[in-house]
Amino acid sequence: MKNVLMLILKRSGASLVTLFIISLIIFIGVEMLPGDVAETVLGQGATPETVAAFRKELKLDLPPHTRYVAWLKGFVHGDFGKSLANGRPVAQLIGWRLGNTLFLAMSTAVVAVPLAILLGMLAAFFRDTFFDKLISTITLSFISFPEFFIAYILISILSVHLNLFPSLSIIQENMTLGSKIYAIILPSLTLTCVVTAHMMRQTRAAIINVLASAYIEMAEIKGIKRMRIIALHAFPNSLSPVINVIAVNLAYLVVGVVIVEVVFVYPGLGQLLVDSVAKRDLPVVQASGLMFSVAYIFLNLLADILSMLSNPKLRQSQV
């Protein structure tokens with residue numbers, strides 16, 4: 001148990017170092033953007049005195065390292081500054097948008113994860129049959145197509161021709177849960193097609209790899225049904241790679257929804273990031289980028305920890 005805790009602490013420390021490096025990259029990247037933020041916000045008609053006063057208000061007159069330390073300290077304490085576009089606190093802008101992104105990601109995961117595991121088990125059970133080849137072809141197609149292409153195909157079929165679901169996923173705070181779910185069906189279905197393909201193929205490969213083990217052959221010799229072997233023996237022993245790919249795809253659902261949110265005009269954090277880049281609203285851009293980084297690093301850390309806990313070989317190899 002002590003070794004496991006030490007491994008978790010090491011991975012957590014490495015994640016914090018990674019997050020620090022990413023925050024530095026985000027800050028430097030924003031600093032290297034062409035043009036002057038104060039002049040962009042105030043417009044060309046602003047006088048040099050007004051621009052200088054506004055730069056002082058934004059603390060742009062301070063050295064970059066001083067502003068970076070102040071920004072990082074504020075982020076740790078939950079103070080992301082104020083938006084340059086409307087003067088509202090960035091934390092207030094991000095809070096609702098982040099909740100919408102997590103709602104879309106979790107709604108997709110509730111459908112995608114069980115579906116991917118079930119299809120992976122069935123593909124392993126019917127290995128090299130027509131069903132296996134059909135599922136593999138479909139999943140490879142979904143992996144090959146970009147998200148926006150799948151999104152536009154679904155909009156064309158389910159929204160334009162069949163008129164079943166709205167093409168724009170606009171939700172509001174006062175909407176009921178059922179109305180929100182109905183509004184996000186198309187973006188959720190788009191993400192489900194993509195992540196299910198990845199998770200299904202990894203589940204299938206992991207189970208087939210375990211089926212080659214000696215104890216599986218012994219179970220087959222004893223006359224145990226193959227589906228029972230897969231469900232009760234092969235799948236539990238292939239959890240480590242399956243958990244890892246599920247966690248990685250969950251991280252993708254949170255940080256990789258930018259394109260899908262833009263296509264469906266979904267009011268999530270990705271849409272806010274794109275709008276803020278267009279407006280040169282740098283405090284929102286920095287905070288949004290770092291929030292995405294935190295979510296991605298945390299989910300990858302969770303994947304590492306769960307993989308170690310589910311596979312004793314990984315724990316022993318790291319000691």
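What share of the contacts in the protein chain between residues at least 6 apart in sequence join residues at least 24 apart? The share is 73%, where a contact means heavy atoms within 4.5 Å.

This is a predicted model, in which local features need pLDDT of at least 70, side-chain atom pairs count only at pLDDT 80 or more, and totals for chains, interfaces and linings use all residues. Residues are numbered from 1 along each chain as its sequence is written, and side-chain values use heavy atoms, with hydrogens and water left out.

Figure 1. Helices (H or I, at least four residues) and strands (E, at least two) are DSSP runs, numbered from the N terminus. The C-alpha trace spans about 85 × 60 × 35 Å along its principal axes. Of the 319 residues, 40% are buried. Buried means under 20% relative accessible area, exposed over 50%, and partly exposed in between (1.4 Å probe, protein chains only). The protein chain exposes about 17,300 Å². Carbon and sulfur atoms supply 67% of that area. Areas come from the Shrake-Rupley method with a 1.4 Å probe; for residues, only the protein chains shown count as cover. There are 24 positive and 17 negative side chains. The centres of the two sets lie 12 Å apart. Lys and Arg count as positive, Asp and Glu as negative; His and the chain ends are not counted. Each charge is placed at NZ of Lys, CZ of Arg, CG of Asp or CD of Glu.

**Figure 2. Helix H7 has a kink centred on Ile155.** H7 covers residues 147–161, 15 residues in total. From first C-alpha to last, H7 reaches 20 Å, close to the 21 Å expected at 1.5 Å a residue. The expected span is 1.5 Å times one less than the number of residues. The kink is about 30°. Such a bend is the angle between axes fitted to the seven residues ending at a residue and the seven starting there. Ile155 is itself buried, as are Glu147, Ile150, Ala151, Leu154, Leu158 and Ser159. Their cover includes helices H6 (130–144), H9 (185–211), H12 (239–255) and H13 (258–263).

**Figure 3. Asp132 and Phe131 both sit in helix H6.** Asp132 counts as buried because its relative accessibility is 3%. Leaving out residues up to four places away in sequence, Asp132 touches Ala123, Phe126, Arg127 and Arg204. Phe131, at 30% relative accessibility, counts as partly exposed. With the sequence neighbours up to four places away left out, Phe131 touches Leu122, Ala123 and Phe126.

**Figure 4. Asn163 and Val265 have positive phi values.** Most residues other than glycine have a negative phi. Asn163 follows H7 and lies in the loop between H7 and helix H8 (177–183). Phi of Asn163 is near 55°. Asn163 counts as exposed because its relative accessibility is 62%. Val265 lies in the loop between H13 and helix H14 (269–279). Phi of Val265 is near 50°. Val265 is partly exposed, with a relative accessible area of 40%.

**Figure 5. Leu306 and Ala247 are 59 residues apart in sequence.** In space, the C-alpha to C-alpha distance between Leu306 and Ala247 is 9.2 Å. Leu306 lies in helix H15 (residues 282–310). At 34% relative accessibility, Leu306 counts as partly exposed.
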